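Subject: Structure for your review

Dear colleague,

Please find the structure below, together with its sequence.

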Amino acid sequence: MNTYLALDFGGTKLLVGELTDKGQILSLKEYKTGYVNQLQAIEIITGAIDDYKATMGWATGKKPATMGVGLIGRVDNDNGIWCQIDSDRKLPISLAAMLSEKYGMPCFIDNDVKSASKGEKWIGKGAGVNNFIYLNVGTGIAASFVVNGQVVRGGHNNSGEVGHTSVGVNTGIKCGCGRTDCVELITAGIGFDKQARMNKDRFSTRLIISEEKPVDVREIYTLSKKGDELCLHLVEQASTALANLIMNLVRVSDPELVVLGGGIVSDPYFFQKVQDKLNPTTVRFVTRGIMLTDLDPRYAGLIGAGAVAQNRF
Ligand SMILES: [Zn+2]
């Protein structure tokens, strides 16, 4: 049996684990990341692999066949280059070759959302589906379009940044990308936070809005269910924006399926609000449905990295 070494590098933590060829997680260990640049990230990654090998050992006693790494930022999957984390920190690094040489196994890397869509294609809702959209709604919003069985990459591996599109919900909020009313400033974690602050004097609310930390979106959902004016407004606005985004995207790539993942959308109350706003005629060709991922959110990134390791999705 082949196993795969998978690394899920996110904004707060790095998961290192080994998976079977069926996607079963044999063992895993968690490491802290935080807000780092690429060079610091590489130190964290190699330090974590070294520690994992030393403290866990290979799960089957045999070295994994290949390694896959899911990364934040822009990634050139074909050439194994980590292009950049964000626009301020641009430092293309041949990460796959570096890790492959250091650990003596083939290494493949990809962006985290594209990795997640590969995980869906491997053992998730996307298995056997050649045309689907994976839409991640977490702190921000991004999508991976699987078209004719292939992940759409674009000229700069920057496809799928759909969080920076306007969807007919007008709040006047300016985005760092240069546009106004980008959907992730309305619907995602950062959107709920910004919209709560913008609207706190327009509506009565029991929501705690402090300078020290972002608003708690779970609390917004809970208060909205109880009729809190501000929270109801935020949920209504965000679910309208997300439904509009989904309907726009469906018109772009004609998918059979839309899979949603990420902490903000994976709440039954909020997801139902979104579904209620989808026009059945607009989404009539999405024959396999618009649904939440059934991969465990704690390990979806690791499973995605395991799919990346196989370099066949
Ligand atoms: Zn934007």
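Helix α3 (residues 112-123) packs against helix α8 (residues 300-310) at an angle of about 80°, and their axes are 7 Å apart. Axes here are lines fitted to C-alpha atoms, for helices over the stretch in contact, with angles running from 0 to 180 degrees between N-to-C directions. Helices (H or I, at least four residues) and strands (E, at least two) are DSSP runs, numbered from the N terminus. The angle makes α3 roughly perpendicular to α8, a class that covers 65 to 115 degrees, with angles under 35 degrees roughly parallel, over 145 roughly antiparallel and the rest oblique. On the α3 side the contact (heavy atoms within 4.5 Å) is made by Ser-115, Ala-116, Lys-118, Gly-119, Trp-122 and Ile-123; α8 contributes Ile-303, Gly-304, Ala-305, Gly-306, Ala-307, Val-308 and Gln-310. By class, seven of these residues are nonpolar, five polar and one charged. In this scheme Ala, Val, Leu, Ile, Met, Phe, Trp, Tyr, Cys and Pro count as nonpolar, Asp, Glu, Lys and Arg as charged, and the others, Gly among them, as polar.

Please note that this is a predicted model, in which local features need pLDDT of at least 70 and side-chain atom pairs count only at pLDDT 80 or more, while totals for chains, interfaces and linings use all residues. Residues are numbered from 1 along each chain as its sequence is written, and side-chain values use heavy atoms, with hydrogens and water left out.

A further helix pair is formed by α5 (residues 217-225) and α6 (residues 229-253), whose axes come within 8 Å and cross at roughly 110°. That angle makes α5 roughly perpendicular to α6. The crossing is left-handed, meaning that the near helix is turned anticlockwise from the far one by less than a right angle (clockwise would be right-handed). Ile-220, Tyr-221, Leu-223 and Ser-224 of α5 meet Cys-231, Leu-232, Leu-234 and Val-235 of α6. The residues of this contact comprise seven nonpolar, one polar and no charged.

Helix α4 also packs in this region: its buried residues lie against α5, α6 and α7. Those buried in α4 are Gly-189, Gly-191, Phe-192, Asp-193, Gln-195, Ala-196 and Asn-199. Buried means under 20% relative accessible area, exposed over 50%, and partly exposed in between (1.4 Å probe, protein chains only).

As for aromatic residues, a search of the whole structure finds six pairs. Rings of Phe, Tyr and Trp (its six-membered ring) pair if their centres lie within 6.5 Å; planes under 30 degrees apart count as stacked, over 60 as edge-to-face and the rest as tilted. One of the pairs, Phe-9 with Trp-82, is edge-to-face, at 6.2 Å centre to centre and 70° between the planes. It links distant parts of the chain, 73 residues apart: Phe-9 is in strand β1 (residues 3-9) and Trp-82 in strand β6 (residues 81-86). Phe-9 counts as buried because its relative accessibility is 1%, and Trp-82 is buried at 0%. Phe-192 and Phe-270 are also paired edge-to-face, at 6.0 Å centre to centre and 70° between the planes. This pair joins helix α4 (residues 189-199) to helix α7 (residues 268-276) across 78 residues. Phe-192, Tyr-221, Tyr-269 and Phe-270 form one aromatic cluster.

Finally, Arg-206 is found in the loop between α4 and α5 and counts as exposed, at 60% relative accessibility. Not counting residues up to four places away in sequence, Arg-206 touches Glu-219, Leu-223 and Asp-228.
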